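Hi,

Here is the structure I promised to pass on. Have a look, and my notes follow below.

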Amino acid sequence: YTRLALNADQLGRTHNELLDVVEAVNAAMLTSGATGVEAAQSMRQLAQALGSGKVQGDEFRTMMEAMPAVARAVADEMGIAMGKMNLSMSELWELAPEGAITVDRVITALLNKHDELVAAAESMPLTVGEAIEMLQTYTIRMVGILNEVTMATNRLGGAIRWFVGNMDQVVAAFAALTAAI
């Protein structure tokens, strides 16, 4: 989310839309059965594509192999843009070297398929690791929304910095309190 949020204005998207994109990508990764390492690599490749403005080369190959639901969403979106109802994966492969798969099209595809991807992910059994990932995603989403409204993360960041900088005193006070009880 952070990489997307930094480019929100450049992408012409709201923070809520970008949060939906992150949620859609997470759902797509979950339904793909990717391992944690594969998911992390895929997310890194996608973030690099977002920085360049186009999905091609390694980024495209990773999306096709490790994020088939994202690739299908993009194929559907590209097909609609080209006046075709069903763009095949091989046709999508042909478009990548031409630079036709833009970040805007990927984001639009993920927004259009958001509900479908999330529903598919929610229908799957949940592991503890996935539950933790879900908690992280929703926490990031809530922090993003709260920050957009209140700029609270600046204050929270300052409070965390103070807490870390004063950890010795906090631990000493906690130890004294527990000893007194």
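First, a term: axes here are lines fitted to C-alpha atoms, for helices over the stretch in contact, and angles run from 0 to 180 degrees between N-to-C directions. Helices are DSSP runs (H or I, at least four residues), numbered from the N terminus. Keep in mind that this is a predicted model, where local features need pLDDT of at least 70 and side-chain atom pairs count only at pLDDT 80 or more, while totals for chains, interfaces and linings use all residues. Residues are numbered from 1 along each chain as its sequence is written, and side-chain values use heavy atoms, with hydrogens and water left out.

Now the helix pairs. The axes of α4 and α5 come within 9 Å and cross at roughly 140°. That makes α4 oblique to α5 (angles under 35 degrees count as roughly parallel, over 145 as roughly antiparallel, 65 to 115 as roughly perpendicular, and the rest as oblique). In contact terms (heavy atoms within 4.5 Å), Gln41, Ser42, Gln45, Gln48 and Ala49 of α4 meet Asp58, Glu59, Thr62 and Ala66 of α5. Those residues split into two nonpolar, five polar and two charged; Ala, Val, Leu, Ile, Met, Phe, Trp, Tyr, Cys and Pro count as nonpolar, Asp, Glu, Lys and Arg as charged, and the others, Gly among them, as polar.

α3 and α4 pack at about 145°, with axes 11 Å apart. Here Val25, Asn26 and Met29 from α3 meet Glu38, Ala39, Ser42, Met43 and Leu46 from α4, giving five nonpolar, two polar and one charged residues.

One more: Phe60 touches Val55, Leu92, Trp93, Ala96 and Ile101, leaving aside residues up to four places away in sequence.

Cheers

Definitions and conventions:
Helices (H or I, at least four residues) and strands (E, at least two) are DSSP runs, numbered from the N terminus.
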